[in-house]
Amino acid sequence: MEGWDAGTKSALTQIPLLSSRAGPRDGEAWKQRLKEEYKAMIAYTTINKTNDNDWFRISPTNPEGTRWEGSCWYVHNLRRYDFPLQFDIPVTYPATAPEIELPTLDGKTHKMYRGGKICLTVHFKPLWAKNCPRFGIAHALCLGLAPWLAAEVPILVDSGMVKHKDDEVTPSQSSS
């Protein structure tokens with residue numbers, strides 16, 4: 001945990017670790033893993049709300065819990081930037097981390113690939129592998145997506161690649 005800020009360390013130590021090694025193909029064992037995932041997500045969301053650091057909403061979109069969608073946001077220069085968020089649980093989960101996608105940012109940064117999947121290979125994937133199966137979706141958001149947003153959104157905004165919704169001109173505004 002060297003190099004992490006106090007907030008990240010605090011949140012990480014409060015997110016429950018998971019114990020089940022099951023993946024989506026493992027039937028009843030997967031259902032148990034999914035229950036652990038929900039508990040960890042609830043704990044992480046509660047931590048964030050308690051610390052006034054609420055920054056995402058996410059839920060499964062299928063009964064199997066293998067497809068997740070929602071939104072995340074980042075505040076830069078006192079303005080909130082919202083992004084749709086999605087990912088699939090890989091069949092080799094939990095050995096393989098989910099690939100988190102922000103489709104509206106596809107092609108806007110070199111730290112992204114294949115349809116808006118954020119690049120987590122150098123920093124996050126070794127950490128995930130070392131902590132398999134104890135890490136889950138909440139850990140991927142805390143240690144993968146959150147730092148990625150903090151590093152990339154300010155650059156994207158300052159370079160003009162991402163505009164705030166209030167700065168975008170709609171066709172009806174431009175004709176008046």
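Predicted model: local features only at pLDDT ≥ 70, side-chain atom pairs only at ≥ 80, totals over all residues.

Next I turned to the largest pocket, which has a volume of about 570 Å³. It is lined by 25 residues, and the closest to its centre are Asp5, Thr8, Cys142, Ala146 and Pro147. Which elements give two or more residues to this lining? I found helix 1 (6-14), helix 2 (28-50), strand 2 (67-76), helix 3 (124-130) and helix 4 (137-158). Helix 4 again gives the most, with six residues to the lining of the largest pocket. By class I noted 15 nonpolar, seven polar and three charged residues there.

**Strands.** I followed strand 2 to its partners. Strand 1 (residues 56-60) pairs with strand 2 in the antiparallel sense over five bridges, and I noted Gly70 in strand 2 as the bridge partner of Ile58. These two strands form a hairpin with six residues between them, where Gly65 in the turn has a positive phi of about 70°.

On to strand 3 (residues 79-88), which pairs with strand 2 in the antiparallel sense over ten bridges. Here Trp68 stands opposite Phe87 of strand 3. The hairpin of strand 2 and strand 3 has two residues between the strands, and Asn77 takes a positive phi near 50°.

**Rings.** My search of the whole structure gave eight aromatic pairs. One of them, Trp55 with Phe56, is edge-to-face, at 4.8 Å centre to centre and 70° between the planes. Are these two residues buried or exposed? Trp55 is buried at 7% relative accessible area, and Phe56 is buried too, at 4%.

I also looked up Tyr93 and Trp128. Their ring centres are 5.8 Å apart and their planes lie at 45°, so I logged the pair as tilted. Tyr93 lies in the loop between strand 3 and strand 4 (112-113) and Trp128 in helix 3, so the pair ties together parts 35 residues apart in sequence. Both Tyr93 and Trp128 are buried.

Last entry: Arg80 lies over the face of Trp73, at 3.9 Å from the ring centre.

Definitions and conventions. Residues numbered from 1 in each chain as written. Heavy atoms only, no water. 1 Å grid on protein atoms, 1.4 Å probe; cavity = no way out; pocket = protein on both sides within 12 Å on 5 of 7 lines; lining within 4 Å. Points joined across faces, edges and corners; volume = space filled by probe spheres on them. Helix = DSSP H or I, 4+ residues; strand = E, 2+ residues; numbered from the N terminus. Nonpolar A, V, L, I, M, F, W, Y, C, P; charged D, E, K, R; others polar. Pairing = 2+ DSSP bridges. Phe/Tyr/Trp six-rings, centres within 6.5 Å; stacked < 30°, edge-to-face > 60°. Buried < 20%, exposed > 50% of the residue type's maximum accessible area, 1.4 Å probe, protein only. Lys NZ or Arg CZ within 6 Å of the ring centre and 35° of its normal.
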